[in-house]
Amino acid sequence: MLEENGQDFFCGIKGPPDIDHLKKLIFHHLMIFQGRDPVLVGDRDMYKALAYTLRDVLIENWIKTQRSNYDKKRKRVYYLSLEFLIGRSLGNTLINLGFYNQAAEALKALGYDIDAIREMEEEAALGNGGLGRLAACFMDSMATLAIPAYGYGIRYEFGTFNQKLYNGYQVENPDDWLRYGTPWEFQRPHHMFPVNFYGQVKHHEDRSGNRKAEWTDTEVVMAMACDYLVPGYKNDHVNNMRLWTAKASRDLDLTYFNKGDYIGAVQRKVKSETLSKVLYPSDDIREGQELRLRQQYFFVAATVQDILRRYKKKNASFDQFSKNTAIQLNDTHPAIAIPELMRLFIDGEGLAWEKAWQICIDTFGFTNHTLMPEALETWPVDVLGRVLPRHLEIIYDINYRFLKEVDNKFPGNVEMRRKLSLVEEGSVKKIRMAPLAIIGSHSVNGVAKLHSSLLRTKIFKGYFEIYPARFNNKTNGITQRRWLLKSNPDLANLITGTIGDAWITNLDHLRNLESYAEVTRFQKKWAQAKMNRKIKLAQYISRECDEKIDPASMFDVQVKRLHYYKRQLLNVLHVISFYNRLINNPEKRVTPRTVIFSGKAASSYWKAKLIIKLITSVADVVNNDPRAEGKLRVIFVPNYGVSLAERIIPAADLSEQISTAGTEASGTGNMKFALNGALTIGTLDGANIEIREEVGKENMFIFGMTADQVEKERRTPSRTPKDIYESNDEIRSTIDSISNGFFSNVDKDLFRILVDSLMDPDDPYMFINDFEDYLRCQNEVSLAFCDKKSWWHKSILNVARIGKFSTDRTIRDYADDIWGLKIKDNDQRSAVNS
């Protein structure tokens, strides 16, 4: 029986632990929990024992947090995201609990190294990139700010694929991150919910003459909760991510079994459980498209049932639902939650449409994360109608009522009606999910000022004209506890030793570094902290890539998901141009560079995969040419993820944020690099604009067209790529060296498709149009890097002025403006209802 008097329940740790007691707990978990002889164990056993020890502390604090939430009747925030790019948990948990140094000392006394132990943890890569990593950062900040929050998603058995290079090509291998199990998971079989698919809808009238719908003959999959606990920073507040795993409705379908069809019974069980197997199945084929829809509904349906279960514990009616509940949709993937909540309210709870709809609007908030038209999710009506027939009916009802609002706002405007309808007419009729999220939410936010402006004026202009008060901006951020305190201890210790540790929970305190920016002694310490990280990265690259790089060279870094709009290809063009200059002017003095790439291309995105092949082909030529020795190296580090980012970002001198203006919603890599003292070369896109406003335009390197100029150039081109190619010798020689097969063993066809896209007069990403100014800007970078005093001054100011871009600030903004919570500025940093 758990004590309720505030005493510790079982682990006996309160505050920083005693080293001897911590050692005893580790031995206890080795023997009693894992059944291992402490004399015979290895690093992986010790990792699990330490993790289980921390888990004891987490669960105690989680129980206390939950009791407090219920006792104080706090409003809860539910963050729905199809991705959570968690990364490794051990280091972050140790830091947030305040146990890191004690754990390191205890392990050392036992003959183990904490860095080696941390390497034993499999990375939870349950996301593809920025969307999932932002969600994980948000969870850290919500816990640190003591907001009663839950993250909901899917416990994918296989996360983002493991990337390997074979002959320079990307090869995908399964990411079986659970093959050794995970000590961070609490499976909750008592929280199991049925999720229905397919079937048919029957309509009838009840005794009062009200029209009722019944969804029948469905295929049922069970969703089981798996909890991952997220501690706040040194505040004893613990939230949880609840990730759903699919289970068959029964272990075996007895209908098949009793007919003697054992194989059929097993196949149905396996099919049911595929829902949570793979992150983002390819939707290039119909089966994959249907599986993605089923995945989205699977986690949404389980989540909404869980939310209603928790609410109904203490409430007899739904009158207070939106005052007790905030649901935030992280992009369009969970948008099916809106018709799902309507279904449960109307069909299950008997609410009238008008009341149910108003509760939905007051409850939901929607965050849009993209400006790319192809990323604005739609579902074919025939697929949606087959998989979720009742939801399609509800969406049609929502659309019917919404179009009345459109007619009132734009009377007689048939074209506007067509543009804004939730139903996209065409050869394949589709449902538009982003507009559904806009219509069904009280708040619609972008994630950077430019992005939010473009949503209002271009992407969702018509919806903004109808619901102007709903649209707002919440600029993204990052958690400094992972991206500086954990990943860059050299710099973090220098900062703390200089200005104190208040920055860990209030990043604005970094402003106190400004007075040290020109102090020579401090600059030397700053430079040494950077060099320490560069040396460690060089050692890693030597070990993993078998390439030697010089830590004294400029580390020019672009690490992110491969996509045309992110323009890794533009970076490669500069590398080739740089190389050509070395060869043509061997006596000319240059600023030595190590250009580092890392990132995964979607398995079906073959153009992006070809860019990886081009990068590795250029690297093969450059790195084996003695004329480039000591001047230029090109490295592609495979299998980019959170842990690799934690190695690379602290070591970077130059951060490449070079997307076409008007295509990147925000970006968070730009913030991580700046927080670690790298200088940015970039376009005026996404959050780059706001970073420049904060750190000063003189402390960044900006090039290229603005979003407005890009739009104008697309409409009425002033120069075509061919015009630029023919008038600029450097650009022409760069393109020719690719097209003539210099980097492909004289195979002129290998990269032809990339060259054709560069020279396309309708190139939407403006590669060649921006290339001239990019070259100018890179020359400026080279000169600046030679002036070390000025460079370190800029680097220090980047860190000192980056405080705005903490997720702590972002989450405060969500809480204040969207969720109806106020964050109390006290030692507990608790959230209260406004």
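Predicted model: local features only at pLDDT ≥ 70, side-chain atom pairs only at ≥ 80, totals over all residues.
Residues are numbered from 1 along each chain as its sequence is written, and side-chain values use heavy atoms, with hydrogens and water left out.

**View 1**
Helices (H or I, at least four residues) and strands (E, at least two) are DSSP runs, numbered from the N terminus. Glu664 is buried at a relative accessible area of 12%; buried means under 20% relative accessible area, exposed over 50%, and partly exposed in between (1.4 Å probe, protein chains only). Its side chain makes a polar contact with the side chain of Tyr565 at 3.4 Å. A polar contact here is a pair of N or O atoms within 3.5 Å; within protein, one must be able to donate a hydrogen and the other to accept it, and residues adjacent in sequence count only if both atoms are side-chain atoms. Setting aside neighbours within four places in sequence, Glu664 is in contact with Leu371, Tyr565, Lys566, Ser659, Asp685 and Gly686, where contact means heavy atoms within 4.5 Å.

**View 1. Thr370 and its surroundings.**
Look for Thr370 in the loop between β13 (364-367) and β14 (378-380). Thr370 is buried, with a relative accessible area of 10%. Its side chain reaches the backbone nitrogen of Met372 at 3.0 Å. Not counting residues up to four places away in sequence, Thr370 touches Ala375, Leu376, His451, Leu455 and Ala665. Thr370 and Ile459 sit 89 residues apart in sequence, yet their C-alpha atoms are 9.8 Å apart in space.

Asn445 belongs to strand β17 (residues 443-446) and is buried, with a relative accessible area of 0%. The side chains of Asn445 and Thr367 make a polar contact at 2.9 Å. Beyond four places in sequence, the residues that Asn445 touches include Gln328, Phe366, Leu455, Lys474 and Tyr814. Leu455 is also one of the buried residues of helix α17 (residues 449-459), along with Leu450, His451, Ser452 and Leu454. These buried α17 residues pack against β17, α18 (461-466), β18 (471-473), α26 (688-695) and α27 (707-715).

Helix α23 (residues 606-623) and helix α30 (residues 752-759) have axes that come within 10 Å and cross at roughly 105 degrees. Axes are lines fitted to C-alpha atoms, for helices over the stretch in contact, and angles run from 0 to 180 degrees between N-to-C directions. That makes α23 and α30 roughly perpendicular; angles under 35 degrees count as roughly parallel, over 145 as roughly antiparallel, 65 to 115 as roughly perpendicular and the rest as oblique. On the α23 side, Trp606, Lys607, Leu610, Ile611 and Leu614 meet Ile753, Leu754 and Ser757 of α30.

Helix α6 (residues 130-144) packs on helix α33 (residues 807-819) at about 80 degrees, with the axes 9 Å apart. So α6 and α33 are roughly perpendicular too. Here Leu134, Cys137, Phe138, Ser141 and Met142 of α6 meet Thr807, Asp808, Thr810, Ile811, Tyr814 and Trp819 of α33.

**View 2. Helix α11 and what follows.**
Of the 12 residues in helix α11 (residues 337-348), 10 are buried, so α11 is largely enclosed by the rest of the structure. Among those buried are Pro339, Glu340, Arg343 and Phe345. After α11 comes Gly350, with a positive phi near 75 degrees.

**View 3. Two residues with positive phi.**
Most residues other than glycine have a negative phi. Tyr198 has a positive phi of about 60 degrees although it is not a glycine. Tyr198 is in the loop between β7 (185-197) and β8 (200-205), and is buried at a relative accessible area of 15%. Asp546, also not a glycine, has a positive phi near 55 degrees. Asp546 sits in the loop between α21 (520-545) and β19 (554-559) and counts as exposed, at 66% relative accessibility.
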